[in-house]
Amino acid sequence: MRLAPIFLIYCLCIGGVSAQVQKPLTINELIGIALESSPQVLAARDQSKAIKGQLSSARAIPNPDFEVNTGQQRSASGPLTTGNVSSWSVTQPLDMPYTRYPRVNAAEANVRAAEATRIAFEIEMISRVQQRFYELMRRDAELKAAEEDLSLTKQIRDRMQIRYDVGDTARFELIRAQTEFLNAQINAESSKLRVEQAKGQLRQVVGHSLPPDYEVVSQTLKMEPLPALPILLSELHAQSPELQKAKADVEATESKLSFEQNSRLPRLSIKAQQYNDPNFTDRLYGLVVSIPIWDFKGGQIAEAEANASRAKNQLNAQSQSLEQQLETAYKLYQMTSYQVKILDQEVVQLASSARRIAEVSYRYGERGMLEYLDAQRTFRVARNDLIKARFDLASVLTEIERLRASPEWIAKIESGK
């Protein structure tokens, strides 16, 4: 009895943890888990921090060089004063503007490229989670439809069995109804398996920190009309992180080329030194000039020119590839939108009406079981086509949002939401 309160508290705690694990997750929660556990996203964030450290190093002023010497002066011959001698010198390299500005500009461009890479990885992760999530929604819808078909075919099979038992129908129609019931049963079991596969694929994308027995909150994609293709292309060039990274790489390589070319100019340093011996003290101030006599930076300049040319070509190729992908996705969006509209407003409704008419006619004996089953099968095919078309539309919309780098996505990424 004394342990009863403790046991009760323990059970409540375990129940609270279980309830927390079993809580259905929204798509935004799944995206948050994926962004915090994805190795690629975490590596891109670390790379961005490392590049920011390189920018700090590029902005740093060169350190001075200090030199201190000490010793003794002895007379080898002649009347010379003996004693301790010492010297010191300070050399401060000058960070010349013609090398400092290109170096800093290249580091800043690398930072922008790293940030664009990070955003691109996060947008890619959001797109993958959404794709798998809406695929799970599709499989759930197919499972519900399959269970409805199973229930309806079971009722038909049971009704046909009763009619056969009393002698009102032939055995052929009973066999046909039994076959339809078995097919519906197989389809329902297959739909359950596809749901489990979709959940496993979603968990694989989100991360194994997601429990195997997780549940999700059903959510449909907002089917808002997209802007015209020229507007989408302009948004692509202005917002796409992949293009932003390619542009930053071009700026970085051009700044690196400028740095290598300007490195051929003389480098200057200010030097001050003092020499002390028992007889006198010397103080000297001067300017150290590093003149490129033997090395004219030919190899470094040629490499920088090739890298700059390669970055420009990669930018053009990336721009053309993304434009082609967006145009293809937009055409697919127009086609799937039309399919969803026709299937939803015409085909499914007509098939549903035909099924109801066939059912009523069968009950009054005006039509046979075969006509009713054919009408049921036609409705089932139209409904499944609508489910698939809706998922295809959600998939292509997600792909377009990824390509155009939706400002809503970027705002949520930058705000940590």
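Trainee: How many nonpolar, polar and charged residues does the lining of the second largest pocket have, by class?

Mentor: In this predicted model, that lining comprises 14 nonpolar, 3 polar and 6 charged residues. The second largest pocket holds about 570 Å³ of space and is lined by 23 residues, with Met137, Ala141, Thr220, Ile387 and Arg390 nearest its centre.

Trainee: Which helices supply at least two residues each of the lining of the second largest pocket?

Mentor: They are H4, helix H8 (298–363) and H9. H9 provides the largest share, 8 residues.

Trainee: Why is Arg138 called buried?

Mentor: Arg138 has a relative accessibility of 15%, and the cut-off for buried is under 20%; Arg138 therefore counts as buried. This residue lies in helix H4.

Trainee: Which residues does Arg138 touch, not counting residues up to four places away in sequence?

Mentor: Arg138 touches Ile387, Lys388 and Phe391.

Trainee: Why is Val288 called partly exposed?

Mentor: Its relative accessibility is 36%. Since buried requires under 20% and exposed requires over 50%, a value in between is partly exposed, and so Val288 counts as partly exposed. Val288 is found in strand S4 (residues 281–290).

Trainee: With which residues is Val288 in contact, leaving aside its neighbours within four places in sequence?

Mentor: Val288 is in contact with Arg267, Leu268, Ser269 and Lys271.

Trainee: How do you know that the buried residues of helix H6 are on the same side?

Mentor: In H6 (residues 229–239), the buried residues are Leu232, Leu233, Glu235 and Leu236. They span an arc of only 160° around the axis, and therefore lie on the same side of H6. Pro230 and Ala238, on the other side of H6, are exposed.

Trainee: What is the largest nonpolar core, and which residues have the most contacts inside it?

Mentor: The largest nonpolar core has 30 residues, and Leu30, Val129, Phe133, Leu202 and Val216 have the most contacts inside it. At least two of its residues come from each of helix H2 (27–37), helix H4 (97–166), helix H5 (171–206), helix H9 (369–404) and helix H10 (407–415). H4 gives the most, with 10 residues.

Trainee: Which residues does Phe133 touch, not counting residues up to four places away in sequence?

Mentor: Phe133 touches Ile27, Leu30, Leu202, Val216, Val217 and Gln219. A second, separate core of 27 residues includes Leu233, Ala329, Leu343 and Val348. In soluble globular proteins, nonpolar side chains tend to be buried together.

Trainee: What is the volume of the largest pocket, and which residues are closest to its centre?

Mentor: The volume of the largest pocket is about 860 Å³. It has 31 lining residues, and those closest to the centre are Asn28, Gln130, Glu408, Trp409 and Lys412. By class, the lining has 12 nonpolar, 8 polar and 11 charged residues.

Trainee: Which helix gives the most to the lining of the largest pocket?

Mentor: H2 does, with 6 residues; H2, H4, H9 and H10 each supply at least two.

Conventions:
Residues numbered from 1 in each chain as written. Predicted model: local features only at pLDDT ≥ 70, side-chain atom pairs only at ≥ 80, totals over all residues. Heavy atoms only, no water. Core = buried A, V, L, I, M, F, W, Y, C linked by side-chain atoms within 4.5 Å. Buried < 20%, exposed > 50% of the residue type's maximum accessible area, 1.4 Å probe, protein only. Helix = DSSP H or I, 4+ residues; strand = E, 2+ residues; numbered from the N terminus. Contact = heavy atoms within 4.5 Å. 1 Å grid on protein atoms, 1.4 Å probe; cavity = no way out; pocket = protein on both sides within 12 Å on 5 of 7 lines; lining within 4 Å. Points joined across faces, edges and corners; volume = space filled by probe spheres on them. Nonpolar A, V, L, I, M, F, W, Y, C, P; charged D, E, K, R; others polar. Arc of directions from axis to C-beta.
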